[in-house]
Amino acid sequence: MAPKAKFTRAQLQQAALVLVDEQGLDALSMRTLAGALGTGPMTLYNYVKDRDELDARVVEAVLAEVKPPRPRDDWQADVRAIVEATWRTVRR
């Protein structure tokens, strides 16, 4: 039987987002995220394959916060509204 995971996917994503919000995207690394979680960098490789996958998890967490507007009868206006909602979320 595999050992119980120390962190959830959501915990990793939240810690990474906090780190990026406070220190900027350049500050995000396996080492800094591990420090924020109170563990060693090698522990994170049980959750993500590499830095690219870590980045993908951060993007996934940000996009999950996008609140798409209600659809209208104009598909072009809908696309614009979705893009604007995404942009506002990323900028936040």
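Which residue forms a salt bridge with R9, and how far apart are the closest N and O atoms? The partner is E60, and the closest N and O atoms of the pair are 3.0 Å apart. A salt bridge here is a side-chain nitrogen of Lys or Arg within 4 Å of a carboxyl oxygen of Asp or Glu. Before we follow that pair further, a word on the model. It is a predicted model, in which local features need pLDDT of at least 70 and side-chain atom pairs count only at pLDDT 80 or more, while totals for chains, interfaces and linings use all residues. Residues are numbered from 1 along each chain as its sequence is written, and side-chain values use heavy atoms, with hydrogens and water left out.

Back to our pair. R9 sits in helix α1 and E60 in helix α4, so the bridge links distant parts of the chain, 51 residues apart. Helices (H or I, at least four residues) and strands (E, at least two) are DSSP runs, numbered from the N terminus. R9 is partly exposed, with a relative accessible area of 42%, and E60 is partly exposed too, at 37%. On this scale, buried means under 20% relative accessible area, exposed over 50%, and partly exposed in between (1.4 Å probe, protein chains only).

The two helices that carry this pair also meet each other. Two packed helices are described by the angle between their axes and the distance between the axes. The axes of α1 and α4 come within 9 Å and cross at roughly 90°. That makes α1 roughly perpendicular to α4. Axes are lines fitted to C-alpha atoms, for helices over the stretch in contact, and angles run from 0 to 180 degrees between N-to-C directions. Angles under 35 degrees count as roughly parallel, over 145 as roughly antiparallel, 65 to 115 as roughly perpendicular and the rest as oblique. From α1, the contact (heavy atoms within 4.5 Å) is made by R9, Q13, A16 and L17, and from α4 by R57, V58, E60, A61 and V62.

Now look at the largest nonpolar core, which holds 18 residues. A nonpolar core is a set of buried Ala, Val, Leu, Ile, Met, Phe, Trp, Tyr and Cys residues joined through side-chain atoms within 4.5 Å. Its members that touch the most other members are L12, L28, L33, L37, L44 and L54. Two or more residues come from each of α1 (9-23), α2 (30-37) and α4 (51-64), and α1 gives the most, with 5 residues. Take L28 as a guide: leaving out residues up to four places away in sequence, L28 touches A16, L19, V20, L33, R51, L54, D55 and V58.

Two of those neighbours, R51 and D55, form a salt bridge of their own (2.7 Å, N to O). Both lie in helix α4, 4 residues apart, about one turn of the helix. D55 is partly exposed at 26% relative accessibility, as is R51 at 32%.

The count comes to 4 salt bridges, and one of them joins E65 to R92, with the closest N and O atoms 3.3 Å apart. E65 lies in the loop between α4 and α5 (75-91) and R92 in the segment after α5, so this pair ties together parts that are 27 residues apart in sequence. E65 is partly exposed at 31%, whereas R92 is exposed at 62%.

Finally, visit T89 in helix α5. T89 is buried, with a relative accessible area of 8%. Apart from neighbours within four places in sequence, T89 is in contact with V62, E65 and V66.
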